[in-house]
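I opened the model to look up ring pairs, helix packing and a few backbone angles, and I kept these entries as I went along.

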Amino acid sequence: MLNRRNFSLVVSAASFAALLPLWAHAQGKDPSKLRVALLPDENAASIIQNAQPLKRYLEQQLKKDVEIVVTTDYSSMIEAMRFGRIEVAYFGPFSYVLAKSKASGIEPFAVGVERGSPTYQSVLIATAGGPVKTLEDVRGKPFGFGDQASTSSHLAPRAHLLKKYKLDGEKDYRPVHLGAHDAVARAVQSGQIPAGALSKPILDNLIARGSIDATKIVQLDLSAPIPNYPVVMQGDLKPELKAAIRSAFLDMKDAEVLKAFRVQAFAATDDAAYDVLRDTATILKLDLGRMQ
C-alpha cells in the first residue's frame, strides 16, 4: 500500500513525465541529420549532382550530416514538408504557398537574388517555324506547362495568357502538364507541342548547357515579375538551429553553391512576400485547399 509520501512521489513523477513532451516541443527539434529538399524542376540526377557543393557547404556551416532530397514531383515535396520528412526546402513560389496552406508552421526565411532583384520571370516559347507565331495563335491548340503547382511553368504564364491575351485555359486552349521545366522546353523544341512556358532562368541555363538549341525555339513573351524561390524551414526546430540555418543561407558567399541555385545571393524574406501569388490563384479561380 502506498503511503502519502510515496504517493506524492508517484504523482510528481507522472506529472513530470507528462510534461516532458511539452518541454521537448518548447526546446525545439535538433536532428543529427538535416534533410534538405530541392524542387524537382529538372532531372533529379542532375539536381543532386549539382547540389553536392551545397551539401558540403551546409555540413561545414552547421556541423551536421546533410541529405539532399529530390522528390518525384511538387506535391510529394509539399507532403514531405507537411509531415516533417524534410527539415529545409527550396520551394517554387507557388508550391510554397500550397505547402503553407497545408502546414501553417513552416517558415520562409531566404529568397534568391539575381541581377539585384528577388524576382524572376516566366518565358512563353513556341517551336521555331511552327504553327504558333504569336500567342494569339495558341487558341484551339495544346499549350505546355510543367507541374500543376509550378509558378513560372503554370500559374504565372496561365494568368498572363488570361489577363493579356484573354485566353482561358478552361476553354480557349488545351493545357498539357509535362512535369518539369526542361520537359516543356524539349517538347516545344521538338514540335511535340507548339508552345509552352517555363522559368526564364531555367531556359537560359538549358541553352547555356547545350540541352536546348536556341535556334529551334522562339521566345514570344515574358510574364510580370514573380517573387523568387524561397528557402523554407520547419518552424519547430530548435531556435539555435534555425538561426544557424538562416545565417548559412543569408551569409552565403560561395560562388559554386550559389550557381546551383541560379542566384547571386540570398536575402531575407517572409510569408507576406508571396501574397501576390495567392491573389493570382484567386484570379484563376484555383482552390488552394484542393490543389496538391
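Are Phe143 and Phe145 buried or exposed? I found that both Phe143 and Phe145 are buried, where buried means under 20% relative accessible area, exposed over 50%, and partly exposed in between, with a 1.4 Å probe and protein chains only.

Before going further I noted that this is a predicted model, in which local features need pLDDT of at least 70, side-chain atom pairs count only at pLDDT 80 or more, and totals for chains, interfaces and linings use all residues. I also noted that residues are numbered from 1 along each chain as its sequence is written, and that side-chain values use heavy atoms, with hydrogens and water left out.

**Entry: aromatic rings**

I looked up the ring pairs and found that the structure holds 12 aromatic pairs; rings of Phe, Tyr and Trp (its six-membered ring) pair if their centres lie within 6.5 Å, and planes under 30 degrees apart count as stacked, over 60 as edge-to-face and the rest as tilted. One of these is the pair of Tyr90 and Tyr229, which is tilted, at 5.4 Å centre to centre with 40° between the planes. This pair links distant parts of the chain, since Tyr90 is in strand E3 (residues 88-90) and Tyr229 is in the loop between strand E11 (226-227) and strand E12 (230-233), 139 residues apart. For the element names I rely on DSSP runs numbered from the N terminus, with helices (H or I) of at least four residues and strands (E) of at least two. Tyr90 and Tyr229 are both buried.

I then returned to Phe143 and Phe145, whose ring centres are 5.0 Å apart with the planes at 55°, so this pair is tilted. I also recorded one aromatic cluster, formed by Tyr90, Phe109, Tyr120, Tyr229, Phe249, Phe261 and Phe266.

**Entry: H6 against H11**

How do helix H6 and helix H11 pack, and at what angle? I read an angle of about 55° between H6 (residues 151-165) and H11 (residues 275-283), with their axes 10 Å apart; axes are lines fitted to C-alpha atoms, for helices over the stretch in contact, and angles run from 0 to 180 degrees between N-to-C directions. H6 and H11 are therefore oblique to each other, given that angles under 35 degrees count as roughly parallel, over 145 as roughly antiparallel, 65 to 115 as roughly perpendicular and the rest as oblique.

The contact (heavy atoms within 4.5 Å) is made by Thr151, Leu155, Ala159 and Leu162 of H6 and by Leu277, Thr280, Ala281 and Ile283 of H11.

In H6 I looked up Arg158, which at 13% relative accessibility counts as buried. Not counting residues up to four places away in sequence, Arg158 touches Phe145, Gly169, Glu170, Tyr173, Pro175 and Leu284. Arg158 and Ala197 are 39 residues apart in sequence, with their C-alpha atoms 8.8 Å apart in space.

**Entry: H3 against H9**

Helix H3 (residues 52-62) and helix H9 (residues 239-250) pack at about 135°, with their axes 10 Å apart, and H3 and H9 are therefore oblique to each other. The residues making this contact are Tyr57, Leu58, Gln61 and Leu62 of H3 and Ala244, Ile245, Ala248 and Phe249 of H9. I found that they divide into seven nonpolar, one polar and no charged.

**Entry: positive phi**

Most residues other than glycine have a negative phi. Against that I noted Lys166, a residue other than glycine with a positive phi near 55°, placed in the loop between H6 and strand E8 (174-177) and counted as exposed at 59% relative accessibility. I noted also Arg262, with a positive phi near 60°, in the loop between helix H10 (255-261) and strand E13 (265-268); Arg262 is partly exposed, with a relative accessible area of 24%. I recorded Gly191 as well, which follows H7 and has a positive phi near 85°.

Methods:
Nonpolar A, V, L, I, M, F, W, Y, C, P; charged D, E, K, R; others polar.
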